[in-house]
Amino acid sequence: MNPYVQYMYSYPHKTAYRPLDGISLHEYAPMLMGKGHGLYLHVPFCQGKCGYCNLFSITGQDDKAMTQYFDVVERQSRQYQKLLAAYGTEFSEFTIGGGTPLLLSERQLERMFAMAGECFLLEEDAEIGIETAPNQTEEEKLKLLKQAGVTRVSMGIQSFFDNELQVLQRNHRAERARRALALLMTMGFCCVNVDFIYGIPGQTVDSLQASLKEAIAFGVDEIFLYPLYVKHGAGLVREGMVLNPEYAYRQYREMSGYLQAEGFRQDSMRRFVRKGSGKEAQREFSECGFGTSLALGCGGRSYVGGLHFCTPYAVTRQGCLEQLRRFEETEDFLAVRHGILLSEEEQRRRYVIRHLLIRPGIAGERYQELFGSSLWEDFPLLERWLAKGWLKTAEAKEHRHFLTLTEKGMGLSDYLGPMLISPEVQAKMQEWETKAT
C-alpha cells in the first residue's frame, strides 16, 4: 500500500475545473455580505522553479513584468471593490501566496498592501499571512511586513542539509536558511511557520530529525511536514526520480512522534503547532466546509457558495505564461469563465474531506443538521475505516461527538482522502492528466 496517493488540500482539485459560460460574480456577491470572508492574492513570481513544484509559478520575470501584473491586479481589485460595496464585505483573513511574494521589490510590496487596503475592508483583528523563501527574506522587507500588519510568515526551508536541497533543486543553501530564519525570529511576528520535506532520496530519519531539531531551537511556532510528491509538470519528473514511499512513511511516523514529544500538537498529517503561547492542547473545532474566499491575481482560486473558480490549471513554464497572458488581457473580471459548480453531493464530500483530515474531526450531529442525512449512510466506507482502526469516536466540548482520525489514520491521510473523491470528479481529473501527458 502506497500511503501517498494525493494531497487533499482542497476539493475538488483544479484539474476537475472546466470552462463555464453565462456565470457572473454578480449572482454570487450576496454570499460575500458582512464579515468572515477570506481574501487571497497570488504572486506567481519565483527566482527559480523547484524540482518538485507543481504550483502556478513563473521564473525569469523582470521588474517591468511584475509591475504590469500588478497593474492588472489593481484593475481586478477595483472591479471587485465596486461589486462588494453594496454588501459591506469584510475580510477576516488576507493571505499572500505564490510563487515567492518577497521576490517583489519594497516599492512593489508597498503598492500591493496599499492597493489591498484601499480596495478591501479587513476586519480589525484580521489575520494577514505571507509566504517567503530564504533568499528573499531581507530585513527591510520584513520591517515593511510588520508595518503592514502581517501576523503570520511562512518560510519554505525544506531541509538544513545542502545535499538534500540540491536533490530538490532548491535555490538556497542551508546556511542562508539559517540566517533568514534567525532574522525572521527577531521581528516579533505573531506566528512563524516553516516547511520541511521528507521522503527525499538520500535523506535519512536522522538527517530529517536534525533539520527539525534546528527549527525547534529557533523557536518557530509551527512546523509543516510535507511528503515529497513528484507530479506531472514538475522538473524531477523529467529526471525520472524514484521515490521510496515505505521509507517516507517510516520517516513520518518517527517525526510525528518526535514533534509531539517536543511539545507540538498535531492538527493534521502536515501541521504541527507548538503548545503554549496561547495555543490550546487541542485544536478548537472550526467549521471550514462552506467558507467564502475571493482570490486576486492569476493562479489563485475563489470559493463562493457552490461556485469554485480560477484560471485554468497550469504547471509548465509555457502553460503558466499562457495563462498569465490571458489574465492580463482580461477586461471583465466579474465574468466567471473557468471553474466548477458543486452539486449537493459534492458539497457533502467537500465538507467531509475538509473536516475529517483535520482534528478534532467531523461532528456527525452537525453533518445531520446541515445535510439532513446520516454521515454513516452517506459514507458507508467510514464504517470500514473504523473497523481498521483508522478512525475513532471522541467527545469534545459542548458534548459533541467527533469522528476523528487515529494516529495511524492521520498518517494515512493521503491514502484515505482520495477514497472520498466522487467518480465524476475522478474522471475529470484523469481526463486532465491524460491530455496533459
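Keep in mind as you click that this is a predicted model. Start by selecting Glu 93, which sits in strand β5 (residues 90–98). With a relative accessible area of 40%, Glu 93 is partly exposed. Strand β6 (residues 121–132) gives the patch its largest share, three residues.

Next, the salt bridges; the structure has 25 of them. Pick Arg 18 and Glu 431, whose closest N and O atoms are 2.7 Å apart in a salt bridge. Arg 18 belongs to strand β1 (residues 18–24) and Glu 431 to helix α16 (residues 423–436), so this pair ties together parts 413 residues apart in sequence. Both ends are partly exposed: Arg 18 has a relative accessible area of 22%, and Glu 431 comes in at 35%.

Move on to Arg 178 and show its neighbours. Which side chain meets Arg 178 in a salt bridge at 3.4 Å, N to O? That's Glu 175, three residues away in helix α5 (residues 174–185), or about one helical turn. Glu 175 is partly exposed at 44% relative accessibility, and Arg 178 is too, at 23%.

Arg 178 also forms a salt bridge with Glu 214, with 2.8 Å between the closest N and O atoms. This one links distant parts of the chain, since Glu 214 lies in helix α6 (residues 205–218), 36 residues from Arg 178.

Last stop: select Asp 71, Glu 74, Arg 78, Arg 111 and Glu 118, which salt bridges with shared partners join into one network.

Definitions and conventions. Residues numbered from 1 in each chain as written. Predicted model: local features only at pLDDT ≥ 70, side-chain atom pairs only at ≥ 80, totals over all residues. Heavy atoms only, no water. Helix = DSSP H or I, 4+ residues; strand = E, 2+ residues; numbered from the N terminus. Buried < 20%, exposed > 50% of the residue type's maximum accessible area, 1.4 Å probe, protein only. Salt bridge = Lys/Arg side-chain N within 4 Å of Asp/Glu carboxyl O.
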